[in-house]
Amino acid sequence: MDHPLLVLLLPRRLERFTLEAQARELLAEPGAVAVDPARLPLARLPAALAAGLAVGQAKRMRLPGPVAAVAIFHPLQFYLAGALLARHPMAELWYGEPELDAERAAANARARTRLEQLHAAAALRAALRFSAGPELDLGRLRARMAELGIPAALSAPPSPGGA
């Protein structure tokens, strides 16, 4: 493969991802690939260590083409996204903003501050921001894929026939 890629950084294994159906639709496109989450829970690691591990992970990654966009669905994924963007400086960051209220409420002050800082950094760096909820607009993502030269359908496939 030599065409530009959309790299979806999955916040959890695809089978456990709340947007599994939408992610699978995007991954059906020839220009989209997924990266499973790291085995180590980054939220429990010091920020500097998490960032360092992300740099190492990005260096080891063998992708089947040049990266045009990196999509994340949680602020903690900004570590790996940032490392990938450093290796692919022409690529865009796409930030699917999740609903974080419950996570903020359950977090201690330090974790909440870290979450807010990563959220702000991702939102600021993102060329494309979208809601990472059930109303995820795949048409908008596919249109941007086409603009970047990432192979994608411009519209969803027709639904099965029925009367």
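The model is predicted: local features need pLDDT of at least 70, side-chain atom pairs count only at pLDDT 80 or more, and totals for chains, interfaces and linings use all residues. Residues are numbered from 1 along each chain as its sequence is written, and side-chain values use heavy atoms, with hydrogens and water left out. Helices (H or I, at least four residues) and strands (E, at least two) are DSSP runs, numbered from the N terminus.

- Buried means under 20% relative accessible area, exposed means over 50%, and partly exposed lies in between (1.4 Å probe, protein chains only).
- Strand 3 (residues 67-72) pairs with strand 4 in the parallel sense, over 4 bridges; pairing requires at least two DSSP bridges between two strands.
- Ala 71 stands opposite Trp 94 in strand 4.
- From strand 3 the chain passes through helix 3 (residues 78-87) to strand 4, in a right-handed β-α-β crossover.
- Right-handed means that, with the strands pointing away from the viewer, the path from the first strand over the helix to the second runs clockwise.
- Strand 5 (residues 128-131) runs parallel to strand 4, and 4 bridges join them.
- Gly 96 has Phe 130 in strand 5 as its bridge partner.

**The nonpolar cores**

- A nonpolar core is a set of buried Ala, Val, Leu, Ile, Met, Phe, Trp, Tyr and Cys residues joined through side-chain atoms within 4.5 Å.
- The largest has 29 residues; Val 7, Leu 9, Ile 72, Leu 80, Leu 84 and Leu 93 touch the most other members.
- Helix 3 gives the most to this core, with 7 residues.
- Leu 80 is in contact (heavy atoms within 4.5 Å) with Leu 9, Val 35, Ala 54, Gln 57, Ala 58 and Met 61, leaving aside its neighbours within four places in sequence.
- Another core lies apart, with 22 residues, among them Ala 23, Phe 130, Leu 138 and Ile 150.

**Helix 2**

- Helix 2 has 14 residues and reaches 20 Å from first C-alpha to last, close to the 20 Å expected at 1.5 Å a residue; the expected span is 1.5 Å times one less than the number of residues.
- Ala 50, Ala 54, Gly 56, Gln 57 and Ala 58 are buried in helix 2.
- The buried residues of helix 2 pack against strand 2, helix 3 and helix 5.

**An exposed loop residue**

- Met 90 lies in the loop between helix 3 and strand 4.
- Met 90 counts as exposed, at 77% relative accessibility.
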